[in-house]
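I opened the model to look up a few local features and wrote down what I found. The entries follow in the order in which I took them.

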Amino acid sequence: MKKYLYIIILITAQQMIFAQPDFQRFLSDIAPISSSTTRQAMVDSFITKVKQAGGGPVVNGNVASFLYQGTAASAVVTGDFNSWGITTSMTKLAGTNLFYYSAPFPLNARLDYKFIIPTNNYILDPLNSHTCSGGYGPNSELAMPEYVQPWAINLRGAPRGTIINKTIYSTNLSATYQLYIYLPPGYNSIGAQMYPSVYFHDGQEYLSLGSAQNVIENLLDSNKIVPAIGVFIQPINRTEEYAGSKRNAYRLFIVNELVPYIDANYHTIKSPRHRVVIGTSYGANISALIVYNHPDVFGICGLHSPAFYANNNEVLNLILPAPPKDVQYYSAWGTFEETYTWMRPFRDSLKLHGFKFDWLERPEGHSWGLWRATLDSMLISLLPNGPSHVEGTTAPQDKKFSLKPCYPNPFNGMTTVEYKLTTAGIVNLSLYDVSGKRVKGIVHQWQESGSKTLHLSANDLASGTYFLRLQVNDAIETRAIVLLK
């Protein structure tokens, strides 16, 4: 307890030391000053304090103040909060070279923005060192006080997988597409283990801007998802392929050409329940079209800020009246983008039809900042490695496996584990302590039907009661075992 109290006190002290100056108070203080020289000196002093406190924008409570100091005749701030419009002019403080614009935002908001100075010169905020890369280069980032930066986008020592560059020629589109194929750590081209597959539209952007490889490997390292093969597809003309005249030919390329190629050359589980398609914006639009027309190929769909307005709301008009059966969805969108106006009814309609639909709505814009920060939640929902506890985990009555009692039990050092599969499936066998903490992974792979026997060594564990947890696909069963030393 003392340790945690110390940390709290330390953080509070740092916040007090580096708290940003009060911009509204500054405006009140400078208002009665008439001397331009004095006013400019006050501005320079205030900007120095802003820099010492970490830079702009200055955030006081839920109000963010964008500041620009320069010789320009005018300045505009544009970003996610105004749909990147060019009409939000910054106020010039009389007698100084300071421009400012203040507005309230949710305390957990995260927004991209830039300044526009005359001649339409878009620039980063000189006072702000925090940026977020997007499809058109970096933008300055406003992160309000309660926003939590995504943990999974920076590699944390997790084992690395492999990315292989390939190309595939499409007869449907008479074009050659670049592929980046991700193979998880431990993948063996001659091994027996089989993997789910995840198809990413805008593949290169998911890797470079979405930090997809880091996210995947951090989630694997923390046992939050099952290992999967990633297929990152780079478009040639994304607007036409994802939402325009080539969308149906592109859809058929994915289903009839790319999927058979991947299944023939890599250890994939050839089942719609283990095949995922993910995209952003127009890429989410084509993802939804694919699962609607081909639920026998893709049974899982991830939607990042889907641009469903394409082709007169084609996707909404197809899915809302008659959603395809046996498709699982996950979507993330921002309230500072138009997406939320159709995603809320889309969500409610699918929920009403009884579909599994997990979702996140955040005060952010249509940007890679939102998409990379929610990719971990999306993958955990679509490729779960099961709950991290054993309480209340029982197998359904129609389960297709049985976990037999271990012998000997109690045991000292070694015990034998037996289970039987009546159908093939993804097998996860793990050991948990009585608190529900996973302490050892034993089996994690695709296995054919039949009886399985293995020997569990617990020489590295303390004496006590443990639980073996066997999960095959979605069904779970546990057994208590006692280790004596």
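This is a predicted model: local features need pLDDT of at least 70, side-chain atom pairs count only at pLDDT 80 or more; totals for chains, interfaces and linings use all residues.

Entry on Leu 379. I located Leu 379 in helix H11, which covers residues 368–382. I then listed its contacts, leaving out residues up to four places away in sequence: Leu 379 touches Val 215, Ile 216, Leu 219, Ile 225, Ile 278 and Pro 384. I also took one distance from Leu 379, to Gln 52. The two residues are 327 apart in sequence, and their C-alpha atoms are 39 Å apart in space.

Entry on helix H7. I noted that H7 runs over residues 247–265 and has 19 residues. From its first C-alpha to its last I read 26 Å, close to the 27 Å expected at 1.5 Å a residue. Where is the kink in H7? I found it at Leu 258, with an angle of about 35°, shortly before the proline Pro 260. Leu 258 is itself on my list of buried residues in H7. Also on that list are Arg 247, Tyr 250, Arg 251, Phe 253, Ile 254, Val 255, Glu 257, Val 259, Ile 262 and Asp 263.

Entry on H7 against H8. Two packed helices are described by the angle between their axes and the distance between the axes. I looked up both for H7 and helix H8, residues 282–293: the axes come within 10 Å and cross at roughly 65°. The crossing is right-handed. On the H7 side I recorded Arg 247, Tyr 250, Arg 251, Ile 254 and Val 255 as making the contact. On the H8 side I recorded Ile 286, Leu 289, Ile 290 and Asn 293.

Entry on strand E6. I checked how many of the residues of E6, 110–117, are buried. The count is eight of eight, so E6 is largely enclosed by the rest of the structure. I sorted the side chains by direction. Arg 110, Asp 112, Lys 114 and Ile 116 point one way, while Leu 111, Tyr 113, Phe 115 and Ile 117 point the other way, and all are buried.

Entry on the partners of E6.

- Strand E3, residues 76–79, is antiparallel to E6 and joined to it over four bridges; Val 77 has Phe 115 of E6 as its bridge partner.
- Strand E9, residues 137–143, is also antiparallel to E6, with four bridges; here Tyr 113 stands opposite Ser 140.
- Strand E7, residues 121–123, runs antiparallel to E6 and has three bridges to it; Ile 116 stands opposite Tyr 122.

I looked at the turn as well: the hairpin of E6 and E7 has three residues between the strands, and Thr 119 takes a positive phi near 70° there.

Entry on the sheet with E18. I read the strand order as E18-E19-E22, an open sheet of three strands with antiparallel pairing. Which are the edge strands? They are E18 (401–403) and E22 (450–457), each of which pairs on one side only. I noted that neighbouring strands of this sheet are turned by 20° against each other on average, direction ignored. Between E18 and E19, residues 414–421, I found three bridges. Phe 401 has Leu 421 of E19 as its bridge partner.

Conventions: Residues are numbered from 1 along each chain as its sequence is written. Side-chain values use heavy atoms; hydrogens and water are left out. Helices (H or I, at least four residues) and strands (E, at least two) are DSSP runs, numbered from the N terminus. The expected span of a helix is 1.5 Å times one less than its number of residues. The bend at a residue is the angle between axes fitted to the seven residues ending there and the seven starting there. Buried means under 20% relative accessible area, exposed over 50%, partly exposed in between (1.4 Å probe, protein chains only). Two strands pair if DSSP finds at least two bridges between them. Axes are lines fitted to C-alpha atoms, for helices over the stretch in contact, and angles run from 0 to 180 degrees between N-to-C directions. A crossing is left-handed if the near helix is turned anticlockwise from the far one by less than a right angle, and right-handed if clockwise. Contact means heavy atoms within 4.5 Å.
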